Amino acid sequence: MLRLHSLHSSRCLTKSPVDKAPEVRSAGLVIAIDGPSGAGKSTVAHLLAERLGYLQIDTGAMYRAVAYLMHQAGVDTEDRDAVERFCRDIDIRLDRSDGFQRVFANGQEVTGHIRTPEMSLLTSRISALRPVREAMMQAQRRMGAQGGVVLEGRDIGTVVFPDADVKFFLSASAEERGKRRFMELVAKGEQVTLENTIMAVSLRDQQDSQRDLAPLKMAEDAIAIDSSGRTIEEVLDSMVMVCRNTTHTRN
Ligand code: DC
């Protein structure tokens, strides 16, 4: 069984049906933020969740944790049965208690291992596998069922919560996203070059957008936001306004 916990949420293990949208979202809106890597989703999702008092779910971190576990266990990603068996028993925990996200997988903290360039590429590969996506989607639907949640990823507004109350699609040019990723990696002491980082970002975009299952694409009813050349505050303010208007209209 896949278990996903968040230390500041007690609603992650509800056994509600996961294959259809819940009718009542008593805790607030379901907000989807999709977009390519490096567009700033995690930062704005975190700040938006904070402003609204919502729970944030970083679905990319979930896929990264699965990739790390599979790598560690030496699972052959070409062996569908092995992948399926592996996905039946994964325990992922997200802890955001100090404003800093920590990720635990099968009892071990994996936070420091899941954001290397190698893990990024492996995650992009394993996230195209059906058993992995099924397991993650079900866990994400359970966690968001009651609302009051900001989910960030690639397929939230198209597949996981096609009936999300607010959908954003956040993007920026590949160069700008590559530059941001490069600065993050350098700050962490990774030996990378700007050119290679931009290339890796573009390669991941390609893998994520061209896969058969839940490819990265903008939902028809999503609000497109290009973060190139805009400050976080500008982007965040426009998002908060949309969410508050939606809440106001609903009440
Ligand atoms: O957001 P991120 O860069 O941490 O995501 C890591 C990888 O996980 C990314 O290459 C695509 C995959 N992913 C996905 O397929 N679906 C999601 N909802 C989130 C991430």
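Student: Leaving aside its neighbours within four places in sequence, which residues is Val 132 in contact with?

Tutor: Val 132 touches Tyr 63, Val 66, Met 70, Val 83, Cys 87 and Ile 126, where contact means heavy atoms within 4.5 Å. This is a predicted model, in which local features need pLDDT of at least 70 and side-chain atom pairs count only at pLDDT 80 or more, while totals for chains, interfaces and linings use all residues. Residues are numbered from 1 along each chain as its sequence is written, and side-chain values use heavy atoms, leaving out hydrogens and water.

Student: Why is Thr 111 called buried?

Tutor: Buried means under 20% relative accessible area, exposed over 50%, and partly exposed in between (1.4 Å probe, protein chains only). Thr 111 has 18% relative accessibility, so it counts as buried.

Student: What makes the link between Thr 111 and Glu 109 a polar contact?

Tutor: A polar contact is a pair of N or O atoms within 3.5 Å; within protein, one must be able to donate a hydrogen and the other to accept it, and residues adjacent in sequence count only if both atoms are side-chain atoms. The side chains of Thr 111 and Glu 109 make such a contact at 2.6 Å. The side chain of Thr 111 also reaches the backbone nitrogen of Val 103 at 2.9 Å.

Student: And the ligand: how far is a polar side-chain atom of Arg 64 from one of its oxygen atoms?

Tutor: That distance is 2.7 Å. For Arg 133, a polar side-chain atom lies 2.9 Å from a ligand oxygen.
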